[in-house]
There are 2 protein chains.
Amino acid sequence: MALEHAILVSLAERSASGYELARRFDASIGHFWRASHQQIYKVLGRMESDKLVESHLVAQESRPDKRVYAITAEGREELAAFTRTPTGPEVLRSDLAVKLRALPFGDRDAIVASVRQRRADHAATLAGYEASAARFYPDPAAVPAEQLGAWLVLSGGMRAERGGLEWCDEILQALGERR
Amino acid sequence: MALEHAILVSLAERSASGYELARRFDASIGHFWRASHQQIYKVLGRMESDKLVESHLVAQESRPDKRVYAITAEGREELAAFTRTPTGPEVLRSDLAVKLRALPFGDRDAIVASVRQRRADHAATLAGYEASAARFYPDPAAVPAEQLGAWLVLSGGMRAERGGLEWCDEILQALGERR
DNA sequence: GTCAGCATGTAAAAAGTTACATGATTAC
DNA sequence: GTAATCATGTAACTTTTTACATGCTGAC
């Protein structure tokens, strides 16, 4: 029940439709949580039965109607309770690491290509985060208290992307490939 | 079908029982892939039907018998084929990031405690990795070709742990907490 | 005598992925 | 006319998690 909490945070910041939530998961929280729209719609339905969120239809001009979800008081309580639960270790799943480990048994060129691709992905994501950072937090030392959490998450995302990028470079160098 | 490949790599390096595989997932590959013993036993059963692995019982003195699994030729082909597939983006799920984002809506002290705990976890894991590195790869510049993949994965694990540790410190500092 | 480690599983429930399905508008 | 964006879902399937279940040995 962890996607629920990610959705609750997102809705606590601002009400949204399922579609909008899906796009937020591609962006801001994106680095630390990913969810497809199918999954989000399903979970939203359950959360509404559980009274954690409530929705109403909003008509739009020249666009389909949308169902906008808002967090309820009960949802806020649930979210606060979540912050008090112990945090377990992170769940990681790296296909790339499995492939690296498979170097002696697999196709070296294909693995190198995967690393190059991953490097490009990290570079692109990092550039996106840095643009966000420059725009929304021009002075990191003076982030207002209510935005501190969001800033720290973005900062963590940048750290992780930079780290991933450097790792890719290390790998390419060790494999004697120029990037 | 990704746990399968992680298991194939592990068995390609050395045959093992389900129990031993589960422990390897706690250690070496641990940083990049995690699996419970229940899951491993189930997947091993399927993999044996699929002829990717084969097993035989090994009697032991003063310990329960164990079923040792070995990779088959077909399993090696499957593993090689896997290294040729395109690598998608990493799947990440960070409860801690969700909690940070929930700072304005949750319990600050509890969140800080989670960050402290995470910092301690990173420090402990990093120490373990560094011990492995010192022991198995005393000279990183001279790692033999067949161990290069394993070394790069370990190096990636150390990078990630250091990165996580620094992030925790950044968070604690921003929240005005001393570690 | 109790706890940790070795060893292997089943069953049920929850979570997540993939494929399918529809339909309007706007930009090229 | 074709593709992208907005917008919402269902169905089938796979994967993962959690709880339950057992039993021996060796160390303290």
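Helices (H or I, at least four residues) and strands (E, at least two) are DSSP runs, numbered from the N terminus. This is a predicted model, in which local features need pLDDT of at least 70, side-chain atom pairs count only at pLDDT 80 or more, and totals for chains, interfaces and linings use all residues. Residues are numbered from 1 along each chain as its sequence is written, chains are lettered from A and ligands numbered from 1 in the order in which they are written, and side-chain values use heavy atoms, with hydrogens and water left out.

**View 1. S17(B) in strand 1 of chain B.** Strand 1 covers residues 16-17. S17(B) counts as buried because its relative accessibility is 5%. Buried means under 20% relative accessible area, exposed over 50%, partly exposed in between (1.4 Å probe, protein chains only). Not counting residues up to four places away in sequence, S17(B) touches K66(B), R67(B) and V68(B). Contact here means heavy atoms within 4.5 Å.

**View 2. Chain A as a whole.** Chain A holds seven helices and four strands. Along the sequence their pattern is α-β-α-α-β-β-α-β-α-α-α. The radius of gyration of chain A is 20 Å, whereas a compact globule of 179 residues would have one near 16 Å. That radius is taken over C-alpha atoms, and the globule rule is 2.2 Å times the number of residues to the power 0.38. Along the principal axes, the C-alpha atoms of chain A fill a box of roughly 55 × 45 × 40 Å. Of the 179 residues, 47% count as buried. Take the contacts in chain A between residues at least 6 apart in sequence: 55% of them join residues at least 24 apart.

**View 3. Charges of chain A.** Chain A carries 24 positive and 25 negative side chains. Lys and Arg count as positive and Asp and Glu as negative; His and the chain ends are not counted. The centres of the two sets lie 3 Å apart. Each charge is placed at NZ of Lys, CZ of Arg, CG of Asp or CD of Glu.

View 4. K51(A) is not a glycine, yet its phi is positive, about 70°. K51(A) sits in the loop between helix 3 (37-49) and strand 2 (53-58) of chain A. Its relative accessibility is 54%, so K51(A) counts as exposed. In chain B, phi of K51(B) is also positive, near 70°. K51(B) lies in the loop between helix 3 (37-49) and strand 2 (53-58) of chain B. K51(B) counts as exposed because its relative accessibility is 54%.

**View 5. The interface of chain B and chain A.** In this interface, 62 residues of chain B are in contact with 61 residues of chain A. The two chains bury about 5900 Å² between them, with 62% of it on carbon and sulfur atoms. R93(B), R101(B) and F105(B) supply 14% of the area that chain B buries against chain A, more than any other three residues. Buried area is the accessible area (1.4 Å probe) that two parts lose on being put together, summed over both.

**View 6. E170(A) in helix 7 of chain A.** Helix 7 spans residues 148-174. E170(A) counts as buried because its relative accessibility is 17%. Leaving aside neighbours within four places in sequence, E170(A) is in contact with W151(B), L152(B), S155(B) and R159(B).
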